[in-house]
Amino acid sequence: MIVVREQGELVLVRQPDHAASSGEIAAAWTRPDLLPAEIWRRFLEAVTHHDDGWIEAERSPLLDEDCAPVDFTAMPVEEHTEIWRRSVELAGSRDPYAGLVVALHALSLYRKHGGGGAEAAREKAFIEELDARCQAFRETLAAGDSLERAAIETPSVDAARDLIGVADALSLLLLGAIGPIERSPPLPFGERSAEIDLDLDAGELTLDPWPLAVPELTVSVMATRLPRSSWPDRDAFERDWRAAGSETLRWRVSGRSAGR
């Protein structure tokens, strides 16, 4: 679960709802030439469902000492890796290409953000597990049609990994779930690849150069707002959580350059 603290309130976003907003961003992206239309369709499905492993976990979320839900960034590695494992397996059971994309995303995050200390060995083992899953998906796709064989070539794999990463990061950025990002790494869109400057101000995200295939975009996500940040016990939290209505959060994404 994504937990954003705002002036004594908690804004809670289920991970699959965040993944759906990542899918909105990806669907608006200008399809890179490296990813043919049919592969792109499968890629977008993978982005939209990359956090399906959270569905079961969020039925009864992990709580901290204040009986408030634990943000995904603070979850113990054992629980976090199990959720990612389930996400990869769910994606792969539908489509080996989606399984590869989700596993690559998990692998990229663990390599970038993995910590040390007591959990280092567990994280290293999970990285090795993800490497093996990626290889298994590649072998399945290598036995497929020409599009699938092309999709596992290094430039195409790198493009898919980078684009699911940016769709995920932009959704989290809009939510305030991660710190500011001023510039992306080089990202493919259409025939080109470029670093993209990002400016988030008053709920509007500006991108330059403009990588989307639409003039502007509204990104939305379902959220639950709770007017407190601690509870006496799990039952009290769950009563408030389940009684609270959902609201739709929205942000505008636009281009800085008029001619884009």
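**Glu148.** Glu148 sits in helix α7, residues 146-151 (helices are DSSP runs of H or I with at least four residues, strands are runs of E with at least two, both numbered from the N terminus). Leaving out residues up to four places away in sequence, Glu148 touches Arg42 and Leu141 (contact means heavy atoms within 4.5 Å).

**Ground rules.** I am reading a predicted model, where local features need pLDDT of at least 70 and side-chain atom pairs count only at pLDDT 80 or more, while totals for chains, interfaces and linings use all residues. Residues are numbered from 1 along each chain as its sequence is written, and side-chain values use heavy atoms, with hydrogens and water left out.

**α2 on α5.** Arg42 turned up again here, as part of the contact between α2 and α5. The axes of α2 (residues 37-48) and α5 (residues 96-113) come within 9 Å and cross at roughly 55° (axes are lines fitted to C-alpha atoms, for helices over the stretch in contact, and angles run from 0 to 180 degrees between N-to-C directions). The two helices are therefore oblique to each other (under 35 degrees is roughly parallel, over 145 roughly antiparallel, 65 to 115 roughly perpendicular, the rest oblique). From α2, I noted Ile39, Arg42, Phe43 and Ala46; from α5, Tyr97, Ala98, Val101 and Val102. By class that is seven nonpolar, no polar and one charged residues (Ala, Val, Leu, Ile, Met, Phe, Trp, Tyr, Cys and Pro count as nonpolar, Asp, Glu, Lys and Arg as charged, the others, Gly among them, as polar).

**α4 on α5.** How do the axes of α4 and α5 cross? They come within 6 Å and cross at roughly 155°, which makes α4 roughly antiparallel to α5. Among the residues in contact are Trp84, Val88 and Ala91 of α4, and Val102, Ala106 and Leu109 of α5.

**Salt bridges.** The count comes to 25 salt bridges (a side-chain nitrogen of Lys or Arg within 4 Å of a carboxyl oxygen of Asp or Glu). I looked up Asp52 with Arg94, where N to O is 3.5 Å. This pair links distant parts of the chain, 42 residues apart: Asp52 is in the loop between α2 and α3 (54-57), Arg94 in α4 (residues 77-94). Asp52 is buried at 11% relative accessibility, and Arg94 is partly exposed at 44%.

Glu238 pairs with Arg242 at 3.3 Å between the closest N and O atoms. Why are they about one helical turn apart? Because they are four residues apart in helix α9, residues 234-243. I also logged a network of salt bridges linking Glu6, Glu9, Arg225 and Glu247.

Most residues other than glycine have a negative phi, and most peptide bonds are trans. Cys67 has a positive phi, near 60°; Cys67 lies in the loop between α3 and α4 and is buried at 15%. Ala202 also has a positive phi, near 55°, but Ala202 is exposed at 79%. A cis peptide bond joins Asp208 and Pro209, with omega about 0°.

Terms used: Buried means under 20% relative accessible area, exposed over 50%, partly exposed in between (1.4 Å probe, protein chains only).
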